[in-house]
Amino acid sequence: MSKMLKICKSWFICLSIIFLTTFYPYGKLYSDPLQESNPDHFIDSLLSIMTIEEKIGQLNMFHWPWSAQDDSFKTVYEKMIRDGKIGSFLGIYGVKNTKELQKIAVEESRLGIPLLFAFDVIHGWRTIFPVPLAEACSWDLETIEKTARAAAVEATSSGIHWTFAPMVDIARDPRWGRIVEGSGEDPFLGSMIAAARVKGFQGDKLDDENTLLACAKHFTAYGGVEGGRDYNTVDISDRTLFEVYLPPFHAAVKAGVATIMGAFNEIAGVPMHANEQLLTSVLRNQWGFNGLVVSDWTAIKELQSHGVAADPAAAGMLALRAGVDIDMVSGIYLTELPALVKAGKISEDLINQAARRVLKAKHALGLFNDPFKYHNIQREQNNILSAENLQLARDMARKSIVLLKNSANILPLKKNLKSIALIGGLATDQVSPLGAWAGIGDTHDVISILEGIRGAVSPKTKVSFQAAYDSNGFENYGEFQKASDLVKKCDAAIVVLGEPAQMSGEAASRADIGLPGDQTRLIRMLVKNNKPLVLILMNGRPLALDEVAEETSTILETWHLGVQMGNAVADVVFGDYNPSGKLTVTFPRTNGQIPVYYNHKNTGRPPDFSDHYTSKYIDIPWTPLYPFGYGLSYTTYSYNDLKCDRRSMIINDSLLISVQVTNNGPWEGEEIVQLYLQDEVASVTRPVKELKGFKRIHLKPAESQKVEFLITPDMLSFYDQRMMKTVEPGKFKVFIGGSSENTIEQTFELMQ
Ligand code: NOJ
């Protein structure tokens, strides 16, 4: 009898599965009470009724080819959605377009699983904010979080669920064009900014209608490509990996980032998309990341070019086993995984694991509850380019500007000068302020520098413009002389030089990071006129400016500042805003110094002018042109009274450090007070200094403020020779100041 019962039971289960897998009732997913009460169970039961092909479909992401000649691809893609072969799209946007596809997925595919729509929302959606490297120079975590939030509100209004940002790659080589997408060279600051951006994109509750899944990319060490050449080989020590490149990813994970993207590069022979050690052992097992890993564009396929996979099947197998859940556009998972499972080369469990992560991300956004919550035409119309977002864009832009030189006190200029010569094609360029990766950014929204300056000066001031050079920086025939004549006639000159946006970003590495084309010749010619001259730089990476910096008294680094660029530049040039930005990346003097970064090691023979056999160059100084943390203001700040509350600290205890910062000039302003530490003697070599804290303070003229930092053991820890985190007793130096090189010092001792 009990045998009969067992047989009946198994038949019943089989029949129900066959019934459900063939006729799954539409809408059932969306009313399942398990969604709320037991999400894991909900996802497991969904997985249990999915065919292997449907599960693999969830791992497949395709790109929406906007530029296709005809739209025959649409029929193909729509059928694939109906057949459950696509789990997510990249590049499609707009409520109308995304809703159309979502309807097919929800109403016409067998199970009705919603699609995810992803996009590179890097520094804004339609309201384009400064490029990430520029934003980082504000050191203003609150405002950075706000711009990510604003970008999320706008992008989600256009149907987007997922951004491929923040890019948290540390970059020590400014030749690498993608330095513009990150926060610069420092792992501590990079970690704080990574967390701020994740919070901004993801908001408080992922299932709100205006939150994006964030994606920390590119995991990992992509910024370490040899020679700064994009996509190139990376070969670094475990120490550099764990101390420099990994911390911002770990910070993003701690901040709850929902997704991670793999990096194109290999590290020491293992391409990242086949790197189980880092993608699974470190990221998931050590750090506890339980989100989704997406490949970079065709990176799974590229395992063949790397030479670790003989064919697409081998590439797919390596990537899935390493821990890559979604295949971005190479289509390999879709075509190869079914056969690999059948042949027993890939276990169904592995597929389930990856599919579960995709479904969990969809569930976290609340898409199983309401798959159309991101497709509200009203929101789309109201949220884009709001007055509030434009104000935020201007605020962020002026905070991102770094005053590099003002030795003749030419800045700020008076608004009522009789005449100003504005020189340089970049001053009217409305494309470049949008930066290298502006998604749906529109040039019509951009306030150019010329417009910003004209809008700020008195009605009587005449602003005359001469482009002088073309989009590659080469002289427009005869225009250098015209520019020089114009400067001669005017009360002051503003010269805009630098890189158009396409000279930085992906696949835009430069071997020579000097001013492009003939721009150096132009500035040399113009300074000879002995007129008050302000050099404005617009660029996406540090530039090697050695000669230019010597010949020019006044330099303002403005990067690519987004839609409000012109207004923000005018705010600083005419003193409506006192510049406060500080470099988050070192400026070399010349190309030959690269890589040059502040947190280097001392070496056995630290540079010494009086000793030939020390670590330096014979043709140029070893020091950078402008160091990390550097940036001037219209006022000056002094640092005094650096005190530790005790001379020694016991391991597991903490120590309070204080410093008195005073505004000595006539301008009210914001100063970024920076704390660096050095472990003087340890069992492995330590950097000459490392940023461990910073505070933005606001000071009125003559105002003074005590700034305090708490030193905790974690700030003194490092990896020992076995790569175990440790804190060793001994002497530590504390440096506090307004840049990594301009500091006052103290020491304390860490005791057992
Ligand atoms: C390639 C880039 O490396 C990555 O950052 C980006 O997110 C993808 N393409 C998708 O556009």
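**Reading the helices, strands and cores**

Reader: Which residues of helix 17 are buried, and what makes a residue buried?
Author: They are I351, N352, A354, A355, R357, V358, L359, A361, K362 and H363. Buried means under 20% relative accessible area, with exposed being over 50% and partly exposed in between (1.4 Å probe, protein chains only). Each listed residue of helix 17 is therefore under 20%.

A note on the basis: this is a predicted model, in which local features need pLDDT of at least 70 and side-chain atom pairs count only at pLDDT 80 or more, while totals for chains, interfaces and linings use all residues. Residues are numbered from 1 along each chain as its sequence is written, and side-chain values use heavy atoms, leaving out hydrogens and water.

Reader: Why are strand 11 and strand 16 called a pair?
Author: Two strands pair if DSSP finds at least two bridges between them. Strand 11 (residues 402-406) and strand 16 have four, in the antiparallel sense, so they pair. L403 stands opposite L556 in strand 16.

Reader: And what joins strand 15 to strand 16?
Author: Three bridges do, and here strand 15 (residues 533-538) and strand 16 run parallel. The chain crosses from strand 15 through helix 23 (residues 546-551) to strand 16, in a right-handed β-α-β crossover. Right-handed means that, with the strands pointing away from the viewer, the path from the first strand over the helix to the second runs clockwise.

Reader: How do you know that both faces of strand 16 are covered?
Author: In strand 16 (residues 554-557), T554 and L556 on one side and I555 and E557 on the other are all buried. In a regular strand the side chains alternate between the two faces of the sheet.

Reader: What makes a nonpolar core, and which is the largest?
Author: A nonpolar core is a set of buried Ala, Val, Leu, Ile, Met, Phe, Trp, Tyr and Cys residues joined through side-chain atoms within 4.5 Å. The largest has 183 residues, and W162, F164, F219, L413 and I423 have the most contacts inside it. A second, separate core of 24 residues includes L655, V659, F709 and I711.

Notes
Helices (H or I, at least four residues) and strands (E, at least two) are DSSP runs, numbered from the N terminus.
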